[in-house]
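Please look through the structure below before reading the notes.

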Amino acid sequence: PESWPVTNGFEVQENGDELTGLLNQGPYLFILERRHISRLTFQTGPLIDGGIFHSANRGAINDRCHVTVDGSTYLLDEQGVYAFSGGQEAEPLSIQIQDIFRHSDDYYAINWEASKWFHAVNSPGEETVRFYVALSGQDLPRHALAYSYRHQRWWVEEYPFPVAASCT
């Protein structure tokens, strides 16, 4: 907060979507919402010539559900998991496990009401990204949707206790 004076604040256009976080990728700052991503760009300074432009029709469930690996960011939103590299296109990754993202009472369905506790971590040695989620009937993340980005494979891990946070 010390690097950005409070008098240099600017407004983000209200579009009815919930602001969930910020993502620094390359020379841009991306503004994450639940269903959209916008890009903040400027030459001289954000207040002088800054602009906010729509970047993708995907979002992030919260500020802890994105992981950057080798220039691509893996994000979790209500549609699934996808890779984002800063362009207009988001590459869907979770097509093989898409049923888990549908709103239902099935045991292997995500409890979206507990989404504020979801988080993600990259395990570089395993080349795996894990998205910790709460499944149906649970209030805290006890499962991880694990994605091997090298082999492009998915599996679900279950833990005997809630996993409150993650780090590398």
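In what order do the four strands of the open sheet that begins with S1 stand, and is the pairing parallel or antiparallel?

1. The order is S1-S2-S3-S4, and the pairing is antiparallel. Strand S1 (19–25) and strand S4 (51–56) are the edges with a single partner strand each, so one side of each has no neighbour in the sheet. Direction ignored, neighbouring strands here are turned by 30° against each other on average. Strands are DSSP runs of E with at least two residues, helices are runs of H or I with at least four, and both are numbered from the N terminus. Two strands count as paired if DSSP finds at least two bridges between them. Angles are taken between N-to-C directions, from 0 to 180 degrees, with axes fitted as lines to C-alpha atoms, for helices over the stretch in contact.

2. This is a predicted model, in which local features need pLDDT of at least 70 and side-chain atom pairs count only at pLDDT 80 or more, while totals for chains, interfaces and linings use all residues. Residues are numbered from 1 along each chain as its sequence is written, and side-chain values use heavy atoms, with hydrogens and water left out.

3. From the N terminus, its elements follow the pattern β-β-β-α-β-β-β-β-β-β-β-β-β. With a radius of gyration of 17 Å, close to the 15 Å of the globule rule for 168 residues, the chain is as compact as a globular protein of that length. That radius is taken over C-alpha atoms, and the rule is 2.2 Å times the number of residues to the power 0.38. Buried residues make up 47% of the 168; buried means under 20% relative accessible area, exposed over 50%, and partly exposed in between (1.4 Å probe, protein chains only).

4. Within the sheet of point 1, five bridges join strand S3 (residues 37–41) to S4. Ser 38 has His 54 in S4 as its bridge partner.

5. A further open sheet of four strands has the order S9-S10-S11-S12, with antiparallel pairing. Its edge strands are S9 and S12, each pairing on one side only. The twist averages 20° from one strand to the next. Six bridges join S11 to S12, and Leu 145 stands opposite Val 156 in S12.

6. Two loop residues deserve a look. Glu 127, between strand S9 (119–123) and strand S10 (128–133), has a phi near 55°, a positive value in a residue other than glycine. Gln 152, between strand S11 (143–148) and strand S12 (153–158), also has phi near 55°. Glu 127 is partly exposed at 28% relative accessible area, whereas Gln 152 is exposed at 54%.

7. How many salt bridges are there? The count is nine, a salt bridge being a side-chain nitrogen of Lys or Arg within 4 Å of a carboxyl oxygen of Asp or Glu. Arg 58 and Asp 77 form one of them, at 2.8 Å from N to O. Arg 58 lies in the loop between S4 and strand S5 (66–69) and Asp 77 in strand S6 (residues 72–77), so the pair ties together parts 19 residues apart in sequence. Both Arg 58 and Asp 77 are buried.

8. Glu 157 forms a salt bridge with Arg 130, with the closest N and O atoms 2.8 Å apart. Glu 157 belongs to strand S12 and Arg 130 to strand S10, so parts 27 residues apart in sequence are tied together. Glu 157 is buried at 16% relative accessibility, and Arg 130 is buried at 10%.
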